[in-house]
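Please look through the model shown below with its side chains displayed.

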Amino acid sequence: MDNVTRHAQRPIEASTAAQPWSSELRWFVPELQLRPLAALRGLVRNPLNGATMELSSGEYAVLSACDGCCTLAEHEARAARQLSAPPEHRPAFREVIERCARQGLLMSLPELVSRFGAPPDAQPAAFGGIAVRTADRPKLLARLLSSAVRLEACGAPRRRWLVLDDSRDPANEEANRAAIDACHALDVTHVGRVETVALEEALRAEFPHAEREIAWLLGAGSAGEATYGRPLNHALLRFAGRAFCTIDDDVVLDPRQPALSKPGLAVTDDVDELLWYDDEESLWRACPSLEIDPLAAHESWLGLPLASAWARAEREAGALAEIRLRPAHGRRFAAAARVLFTHNHACGDPGSSLLPLQLLTLPPHSRQWLASHPDAAAAAFAGRIDWRGQLRMRLAPRRVLTFTTMAGIDNSRLMPPAARNHRSEDVLLGIVAQCMYPSSWVVDLPFGLPHLREPQKHWLPATENFMQEPLHVLYGLIDERAAGIVAESPEARLAAVGALLLDYAQMSDAELSDALRDHAADAGGRTLFAIAEQLDDATLPAQWKALLVPWLRSPAFAVDSASVAGRTLAPATVRSLAEACGRAMLAWPQLWEFCRERYR
């Protein structure tokens, strides 16, 4: 720290002097590059703008302790905390940070946003329609379509609907057709067994070398196989070249206000907040009706350049009120940046797995709500009558994507395929797509839709075990390795992900077994840590902590060798899935291009 203090006594050169800044101006810390010059000196470079600066080891320590997109005063305070600096060093810290800002190692938020370019007179991507995935739930499909009829009767424009029917029971497929016929006011196309086979056969005829991959992506499911991704792949192909919305069949198009909200715009990738209620009546009181067209809300953002989206978000939501960025987010501030996905809140079932992970890892605002509503604790694990969402309209540089209720997809450019089976096909698709388009963004819209499952699901108790989810293993691998992909085109980046999965599938049994055990142990350990962190939170009520304590002993998270082994997947299961996904990703672009012409 002496080097820093001594340097603070030097006058700032005229070439780097600047006009005083607003104390509210935020400064972003990018991924800095360090090239050693001597034992205690190095050249530091900002790769976003090319700015370089020679710093001592002490000065670099101060700069490295800064993080996020904060005011200079906030950066100074954080650096002092991180380095346990005495108060007399604070002026020297401030001088170093200001000098780095003047030289361009830190970037002001206006400079960062200017990397999007000037807002063009841009229109959203051409919109193809709405895809509804359904399987053996004709009553729920009829309820959804009836709500769509009501929406159009209230003035919403007429749109094209595709019902992608993955029913196993022919009687349910017939019932779905009857539900569609009853909604004659809608422009609805039923895509059932006959229609899906026709597309599959056309693709096999055109690409005989990819017959195995086509069958895996699009072929009918076997008895007992949950093919969550298969209808999504049909939607991606039938809407190739156009944006579309995907909606669950257990949703009602009755937009709702958020249970928690704050004014202004947010730019973060924080997880969703979660609140819960004793009954649906209490939920609807907290989330009253909202008179908007939810489909138009999604449609109008998809494909927009971020220069336009940022300006529009500030007009509609108000001034930027909250921003949290990590160094890697700097890459998403680029001229090619656009809105890849849109997302809204869920009212009712939160759409997560049967394990109550969102409760065990409760986010900050949810904790504040719980602290002021301690009597609500009892209802948390008793049912799944929840609100899940963000407090503000949000531009997210990165997001864990879920298709719970409704999501918008900019399929005007190549999207990746979905994994045929297993849960979390939406999460995997989102991770791969955001890897393909490293400057893409997600818009979180400030409203919710009712997600009303019949029969209702229930959380697993703490005494139940829970096996690893195969797709969690794969998307964890991709998330970890994606930063090393350097290809430019989306097609090449998708091929790199496919090659990564094929490489993973070639691991030895011993290495793959070790990797799967490590994954299971890591997931359990992270959850136990989150539970312990809540138990240490003095603001949370005692009745809540009493509900958390049994989860510390849950076999679903235990990290002893026997428990981890009991929930670790067989290597053959993951190997087969990784190989199938990898091959499908390599074959997919030609299928997508073919269908873009076929359904133009």
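Which backbone oxygen does the side chain of threonine 527 reach? The side chain of threonine 527 reaches the backbone oxygen of alanine 523, at 3.0 Å. The model is a predicted one, in which local features need pLDDT of at least 70 and side-chain atom pairs count only at pLDDT 80 or more, while totals for chains, interfaces and linings use all residues. Residues are numbered from 1 along each chain as its sequence is written, and side-chain values use heavy atoms, with hydrogens and water left out.

Threonine 527 lies in helix α19, residues 509–535, where helices (H or I, at least four residues) and strands (E, at least two) are DSSP runs numbered from the N terminus. With a relative accessible area of 9%, threonine 527 is buried; buried means under 20% relative accessible area, exposed over 50%, and partly exposed in between, for a 1.4 Å probe and protein chains only. Apart from neighbours within four places in sequence, threonine 527 is in contact (heavy atoms within 4.5 Å) with Leu357, Leu360 and Phe557. The C-alpha atoms of threonine 527 and phenylalanine 557 are separated by 6.9 Å, although these residues are 30 apart along the chain.

Phenylalanine 557 also belongs to a cluster that ring pairs link together, with Trp276, Tyr277, Trp369, Phe381, Trp544 and Trp551. Rings of Phe, Tyr and Trp (its six-membered ring) pair if their centres lie within 6.5 Å, and planes under 30 degrees apart count as stacked, over 60 as edge-to-face and the rest as tilted. By this rule the count comes to 14 aromatic pairs. One of them joins tryptophan 310 and tryptophan 441 edge-to-face, at 6.3 Å centre to centre and 85° between the planes. Because tryptophan 310 lies in helix α13 (residues 306–317) and tryptophan 441 in strand β18 (residues 441–451), this pair ties together parts that are 131 residues apart in sequence. Both tryptophan 310 and tryptophan 441 are buried. Tryptophan 441 also pairs with phenylalanine 333, and since the ring centres are 5.2 Å apart and the planes at 90°, that pair is edge-to-face. Phenylalanine 333 lies in the loop between β13 (320–323) and β14 (339–348), so its pairing with tryptophan 441 ties together parts 108 residues apart in sequence.

Turning to the cysteines, a search of the whole structure finds zero disulfides, a disulfide being a pair of cysteine sulfur atoms within 2.5 Å. Cysteine 347 is in no disulfide, and the nearest cysteine sulfur, that of cysteine 287, is 4.2 Å away. Cysteine 347 counts as buried, at 0% relative accessibility.

Note on methods
Polar contact = N/O pair within 3.5 Å; in protein donor to acceptor, adjacent residues only side chain to side chain.
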